[in-house]
Amino acid sequence: MEESISGFKVRGDWGDIVEHGERITRALRDAGVHDPDEDYGARFTRAFDEWEEWRPKAHETLESDVSEKTADQASIEEGKGEKAGKEPDEDIKTAGEKLSESYEQLEEDDAEAAVDNWKESIDYVARAADSAGRKAFRRVEDTVYQNVMTQLAPYYFDNELVSANIQQSTRNGGNGERFVFEVNVNDDGLKDAVSDRLAEFEDEIDRWHVEIEKDTDAAEAIEGAEPPPEPDDNSRSTTN
C-alpha cells in the first residue's frame, strides 16, 4: 500500500482491490464511524453506509456491478417531489384539484383563497415537471455514464466521508487484469486514525479474510443434501 496526501493506494488484481476496501472499512469501523454514540459516528454513519454499499466486493465485477453503483451514486439528486415521495402524475392530479378549488372559490367571491389555490396548482405542475425531467435525465445519464464515461474516466465514489477511485490498468503479461484503487478519508483527524489502524493491520495480520457472498442454493437443490456449515467469520482467507 502507498500512502500520500491524496490517500491510500494499492495496485494489484481484483482480490487486492477488494481487500484494500475491506481494510479501509474495518479501520473506519474501529475509529467509531459506525457507532452513533461516538463523535465520528454521529457525523458519518450515513456516509459510511453509502461507502459500504459502493466499495467493491469479491463476487462483483468492475464493468458491471461497480459501474452501476458508480452511476447511481453520481446520479442527479432528488427534487422536492421525489423527496416527498410523489410521482409526477400524482402532482399533476393534485394540481388539477387545486385549480378546481380555485374556480369554485372565484364563484364564491373568495378571490384571496382562489389565488392561493391557483398558485399552489402552478407549484404542483412545476414540481411534476421537475420530477419527470430528473427521471428522464437519470436514464440518459446512467446509460451515458456506464457505456461511455467509464471507458474514459475512473470508477469513483465521493461523499463527505470518503473519496475513492478505481482505475483499470493494462493487462500485465499473463497475470490477468490489474487495477489501481485509491481511497482518501476526507476528515484529517479521522484519516490519521485510519492510517494508524492500517499500519497495525500490516504488522499484525498475516492473512486477511476476504468476505464473500454465500451461495447455498446448489447444495439445497440436491435432494437430501444439507448446505455446508457457515464459517464463523463468513469468509475465506487469501494471502497478502
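What is the order of the five strands in the open sheet? I looked that up before anything else. The order is β1-β2-β5-β4-β3, with antiparallel pairing. β1 (2-4) and β3 (155-158) are the edge strands, each with a single partner, so one side of each has no neighbour in the sheet. From one strand to the next the twist averages 15°.

**Ground rules**

I am working from a predicted model, where local features need pLDDT of at least 70 and side-chain atom pairs count only at pLDDT 80 or more, while totals for chains, interfaces and linings use all residues. Numbering starts from 1 along each chain as its sequence is written, and side-chain values use heavy atoms, with hydrogens and water left out. Helices (H or I, at least four residues) and strands (E, at least two) are DSSP runs, numbered from the N terminus. Two strands pair if DSSP finds at least two bridges between them.

**Sheet, strand by strand**

I went through the pairings next. β1 and β2 form a hairpin with two residues between them. They pair in the antiparallel sense over three bridges. E2 stands opposite K9 in β2.

β2 and β5 also run antiparallel, joined by five bridges. Here F8 faces V183 of β5. β4 (residues 162-169) and β5 (residues 178-185) are antiparallel too, with eight bridges between them. V162 has V185 in β5 as its bridge partner.

Then I checked which helices sit on the sheet. Helix α2 (residues 39-54) packs on it and touches β3, β4 and β5. The direction of α2 makes about 165° with that of β3. Helix α7 lies across β1, β2 (7-12) and β5, at about 40° to β2. For these angles, axes are lines fitted to C-alpha atoms, for helices over the stretch in contact, and the angles run from 0 to 180 degrees between N-to-C directions. Contact means heavy atoms within 4.5 Å.

**K191**

I turned to K191, in helix α7 (residues 188-204). Is K191 buried or exposed? K191 is buried, yet it has no salt bridge. Buried means under 20% relative accessible area, exposed over 50%, and partly exposed in between (1.4 Å probe, protein chains only). A salt bridge needs a side-chain nitrogen of Lys or Arg within 4 Å of a carboxyl oxygen of Asp or Glu. The nearest side chain of opposite charge is D188, 6.0 Å away. For charge, Lys and Arg count as positive and Asp and Glu as negative; His and the chain ends are not counted.

What lies 2.9 Å from a polar atom of the K191 side chain? I found the backbone oxygen of I5 there. Not counting residues up to four places away in sequence, K191 touches S4, I5, S6, G7, F8, N184 and V185.

**S4**

S4 is partly exposed, at 38% relative accessible area. Leaving aside neighbours within four places in sequence, S4 is in contact with E182 and K191. The S4 side chain makes a polar contact with the side chain of S6 (2.9 Å). A polar contact is a pair of N or O atoms within 3.5 Å; within protein, one must be able to donate a hydrogen and the other to accept it, and residues adjacent in sequence count only if both atoms are side-chain atoms. S4 and N184 are 180 residues apart along the chain, but their C-alpha atoms are separated by 9.2 Å.

**Salt bridges**

How many salt bridges does the whole structure hold? I found 11. I looked at three of them.

- E50 and R46 meet at 3.7 Å, N to O. Both lie in helix α2, four residues apart, about one turn of the helix. E50 is partly exposed at 35%; R46 is exposed at 66%.
- D91 and R127 meet at 2.8 Å, N to O. This pair links distant parts of the chain: D91 in helix α5 (residues 88-107) and R127 in helix α6 (residues 111-152), 36 residues apart. D91 is buried, with a relative accessible area of 1%.
- R197 and E200 have their closest N and O atoms 2.6 Å apart. They are three residues apart in helix α7, about one helical turn. E200 is partly exposed at 34%. R26, D30, R197 and E200 are linked in a network of salt bridges.

**D109**

D109 has a positive phi of about 60° although it is not a glycine. Most residues other than glycine have a negative phi. D109 counts as exposed, at 72% relative accessibility.
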